[in-house]
Amino acid sequence: MKIDASKPLEYSTEENSNKIFGFWVFLGAEIPLFATLFTVYFVMVNRFASGPSGSELFEIGPVLMETFLLLSSSFTIGLAVHAMRHGYKKAMMVFMAITLVMGLAFVGIEIDEFFTYVHEGATLQTSGFLSSLFILLGTHGLHVSFGLLWGIGIMIQLWKRGITPATANKTFIFSLFWHFLDVVWIFIFSFVYLKGLM
């Protein structure tokens, strides 16, 4: 395996560069998935049937907390990559752990939000609006949950093997995935919650 020392560690081999390119292709395929879910939501957004509307259902407090947690975690995963590029394993692990804890808190708030909706009689079967809302939020939440498991797996490898071209590559690809989820959340926050509260 030929290592190019002139490049960042995550790009230092041809295999690593190919994996990063392949992951960009994967993220490109994720865009139509979320675009479809947003489109369905926008079509169904005013179809309340006998259920509540967004303005009746949404509470800004938990949503702001979710947004703060996820956007802050985007910053900390960036710090983890920065520490990785300087060979600071301990700092990298700390920032990775903080990222995952904030991601876990985000998922916890979202689950609590779903239970609150269901308790108030707002379920998948209540209306087209609610079914599209649950599927959009749930798909994003499942991605974050998968990211938590993935991040834990990477941290175990970092702890055992240290910062190598392979672990650096995995960490960088994970950071791309995490940033992507943050971008999707910004759209959810703006066009689902804020617009729904108006």
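Ile154 is buried, with a relative accessible area of 3%, where buried means under 20% relative accessible area, exposed over 50% and partly exposed in between, with a 1.4 Å probe and protein chains only. The structure is a predicted model, in which local features need pLDDT of at least 70 and side-chain atom pairs count only at pLDDT 80 or more, while totals for chains, interfaces and linings use all residues. Residues are numbered from 1 along each chain as its sequence is written, and side-chain values use heavy atoms, with hydrogens and water left out.

Ile154 lies in helix 5; helices (H or I, at least four residues) and strands (E, at least two) are DSSP runs, numbered from the N terminus. Leaving aside residues up to four places away in sequence, Ile154 touches Met96, Lys170, Thr171 and Phe174, a contact being heavy atoms within 4.5 Å. The C-alpha atoms of Ile154 and Met93 are separated by 9.8 Å, although the two residues are 61 residues apart along the chain. Phe21 and Ile173 are 9.6 Å apart in space, C-alpha to C-alpha, and 152 residues apart in sequence. Phe21 counts as exposed, at 57% relative accessibility.

Helix 6 covers residues 165-197, and at 1.5 Å a residue its 33 residues should span 48 Å; the end C-alpha atoms are 47 Å apart, which agrees. The expected span is 1.5 Å times one less than the number of residues. Helix 6 bends by about 30 degrees at Phe189, the bend being the angle between axes fitted to the seven residues ending there and the seven starting there. For helix 3, the 26 residues should span 38 Å at the same 1.5 Å a residue, and the end C-alpha atoms are 38 Å apart, which agrees. Just after helix 3, Gly87 takes a positive phi of about 80 degrees.

An unreviewed UniProt entry lists residues 21-43, 63-84, 91-109, 129-159 and 171-194 under "transmembrane region"; the positions follow the numbering used here, feature names are shortened, and annotations may be inferred rather than shown by experiment. In the model, residues 171-194 are 100% helix and 0% strand, with end C-alpha atoms 33 Å apart.

The largest nonpolar core has 50 residues, and those with the most contacts inside it are Phe58, Leu133, Trp185 and Ile188. Such a core is a set of buried Ala, Val, Leu, Ile, Met, Phe, Trp, Tyr and Cys residues joined through side-chain atoms within 4.5 Å. Helix 6 gives the most to this core, with 15 residues. Leu133 touches Tyr41, Leu57, Phe58, Tyr117 and Val192, not counting residues up to four places away in sequence.

Aromatic rings were also examined. Rings of Phe, Tyr and Trp (its six-membered ring) pair if their centres lie within 6.5 Å; planes under 30 degrees apart count as stacked, over 60 as edge-to-face and the rest as tilted. By this rule the count comes to 21 aromatic pairs. The ring centres of Phe34 and Phe180 are 6.0 Å apart and the planes stand at 65 degrees, so the pair is edge-to-face. This pair links distant parts of the chain, with Phe34 in helix 1 and Phe180 in helix 6, 146 residues apart. Both Phe34 and Phe180 are buried. Trp185 and Tyr193 form a tilted pair, at 5.9 Å centre to centre and 45 degrees between the planes. Trp185 is buried, with a relative accessible area of 0%, and Tyr193 is buried at 0% as well.
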